[in-house]
Amino acid sequence: MTTSDKISILPDILINKIAAGEVVERPFSVVKELVENSIDAEADEISITLRDGGKTYIEVADNGKGMTEDDLLLSFERHATSKIQNYDDLISIETMGFRGEALPSIASVSIVEAASRLKDNSEGSLLTIKGGVISGVQPTPLRQSTVIKVKSLFFNVPARRKFLKDAAKEYRYIYTYFKKLALSHPELNLKLVHNEKTIFDLRKEDIKDRISSVLNEVNKDSLIEVSNSIGQYSLSGFIGKKELARKGKDNQFLFINGRIVEDKIISYTVFHTFRNMIEHGYYPFYILFIDLPFSEIDVNVHPSKLTVKFTDELRVKKLIQEGVGRVLRESLSIYDLGINEGSSEEIAPAETATYSNQKVNNQIVSENIEKYKSEKKPDFLRPETLGARILNIQNEVIVSENIWQMHNKYIFIQVESGIMIIDQHVAHERILYEKAIKSFSKEKLPSQALLFPVNIELSFEDRLILKEITDYMNGLGFVLKEFGGNSFIIEETPLGIEVGDEKREVLDLIDNFKLYRKKKMGVIESVAASYSCKRAIKSGHSLTPDEMIELINDLFQCEFPHVCPHGRPVIIDLSLKELDKRFLRI
Ligand code: ADP
Ligand code: MG
């Protein structure tokens, strides 16, 4: 390699080619930049035409403001932009573009034909540029306002061209982008044509219709509307019911101030809000729109503008947690799990905890009999059941006579719509888990003082863990004092722990805690899950009718009754419809 020791300013063409390295990665990036320009030009009709996944031909036409010939020429100059003028504009960007480098970058690595006219002129100008060098300008009649054609992308950068994938894959990128574009802007007429075939021809429509037009696998009934606002921050959109959850994240769409954004923090926040409600390994479906003042978001973080920075990240998180959390709680039955084919291994070994012996809570074993008598009675309730105990849960009436335990493991409940099956162990886990979480901040769980405090000797590592979680252990009812070296004294334990079991309980909690931590659960969730897993009734344990009623009752007092802390389903709803279908009754 030869270098000269003289410093010189690089020629524009070279600078543009270097910038193209960042802005123009593949045909998709060209499409994205051109479409963003059309949106910024206030077009409400944009059509994209491609050949060979955009490798040989990309055309974007719009009916926006258009440009004069002078502006058209200027638009291909580096850092020529009509969108910002000063630093104040930069910190409050309202348009998609602002860097003024897309057009010159694209033109430096392809053959461009750009035509534009002001909206109310009938004639425009056509500019031809090859590898960044203008080869001609001439008048041209023009139906649309602006049409930009990009041919032979990377014809002069073989290294880049080599990195492109085959046409089908490049097309895939654009196709995926188009879907996001269409979802983020239902108010636009949008068209996509590939190799002469019209793939989408969308007329403007409301967001729900747009979702159906673009994602034909999504049934409108599976969408739940979300909305929230905190000050000038607002959230709207949809989350999907269980049936829309997928093992990957392709079904997550996030738009911030109209921009398509991939933001780890937000996607994690949504995921986290769903957590414990959705089976392990699945990701929730969502289409969320966040709008906030332009000055509180920095889009100038990356040349491709896919990531953003928030001034007030906490507020954005709260916006989502509240908004999504609320609808999740309100529509408990949305996580109606259907029949689950997967097997669920038992997490903890059988042991002897019993479902608690507290009194059944009268307030919910409702004294609603009068009210119930006056209501329409489901057919399956015989008159004699009126003497039975009745629970009103979600829109179902549950009568104690219609509850059975099967194989000392599952609770079957006949409800109007069919059968509800509950896994007793995971149901109890969910109950204890939520109690544990509450005990850390609000109600400490009841404890019993030991007549003879127990000394427990730990490894160095376990001592550190126990110190880390002592406060939470306290909430659960353990009182532990450091006793020099690696030992602790257990002075109190939660109610119900048998004399002699204290040490084992603490050790098991530490071990479980370590396991959950390995799975990257937070400290609080790990302690709560360790506790609930350890203390929950196991399968194999027989329950009296009263205990079952109480368990069901407690379960439905939970915030998220449908999934256990590890993401396993707690309830399976088997509808009569489903049964009829299986028995070919239709
Ligand atoms: P930026 O979008 O960052 O300003 P670009 O290089 O993408 O930079 O575009 C440069 C300028 O060209 C824009 O600021 C805009 O004034 C003009 N322009 C580009 N595309 C269009 C279009 N489709 N309609 C009208 N004006 C356009
Ligand atoms: Mg632009």
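This is a predicted model: local features need pLDDT of at least 70, side-chain atom pairs count only at pLDDT 80 or more; totals for chains, interfaces and linings use all residues.
Q: Let's start with strand 11. Is it buried or exposed?
A: Buried: that goes for five of the five residues in strand 11 (residues 252-256), so the strand is largely enclosed by the rest of the structure.

Q: OK, and which residues sit on each side of strand 11?
A: Gln252, Leu254 and Ile256 are on one side, with Phe253 and Phe255 on the other. Both faces are covered.

Q: How many bridges join it to strand 13, and do they run parallel or antiparallel?
A: There are five bridges between strand 11 and strand 13 (residues 286-291), and the two run parallel. Phe255, for instance, has Phe289 as its bridge partner in strand 13.

Q: What about strand 12, parallel or antiparallel?
A: Antiparallel there: two bridges pair strand 11 with strand 12 (residues 259-260). Phe255 turns up again, with Ile260 as its bridge partner in strand 12.

Q: And what's in the hairpin of those two, strand 11 and strand 12?
A: Two residues lie between the strands, and Asn257 takes a positive phi near 45°.

Q: Switching to helix 12: how many residues, and how far does it reach?
A: Helix 12 (residues 424-441) has 18 residues and reaches 27 Å from first C-alpha to last, close to the 26 Å expected.

Q: Why call helix 12 largely enclosed?
A: Because 14 of its 18 residues are buried, the rest of the structure largely encloses helix 12.

Q: What does Asp423 do at the start of helix 12?
A: One of the side-chain oxygens of Asp423 comes to within 3.0 Å of the backbone nitrogen of His425.

How values were computed. Residues are numbered from 1 along each chain as its sequence is written. Chains are lettered from A and ligands numbered from 1 in the order in which they are written. Side-chain values use heavy atoms; hydrogens and water are left out. Helices (H or I, at least four residues) and strands (E, at least two) are DSSP runs, numbered from the N terminus. The expected span of a helix is 1.5 Å times one less than its number of residues. Buried means under 20% relative accessible area, exposed over 50%, partly exposed in between (1.4 Å probe, protein chains only). A polar contact is a pair of N or O atoms within 3.5 Å; within protein, one must be able to donate a hydrogen and the other to accept it, and residues adjacent in sequence count only if both atoms are side-chain atoms. Two strands pair if DSSP finds at least two bridges between them.
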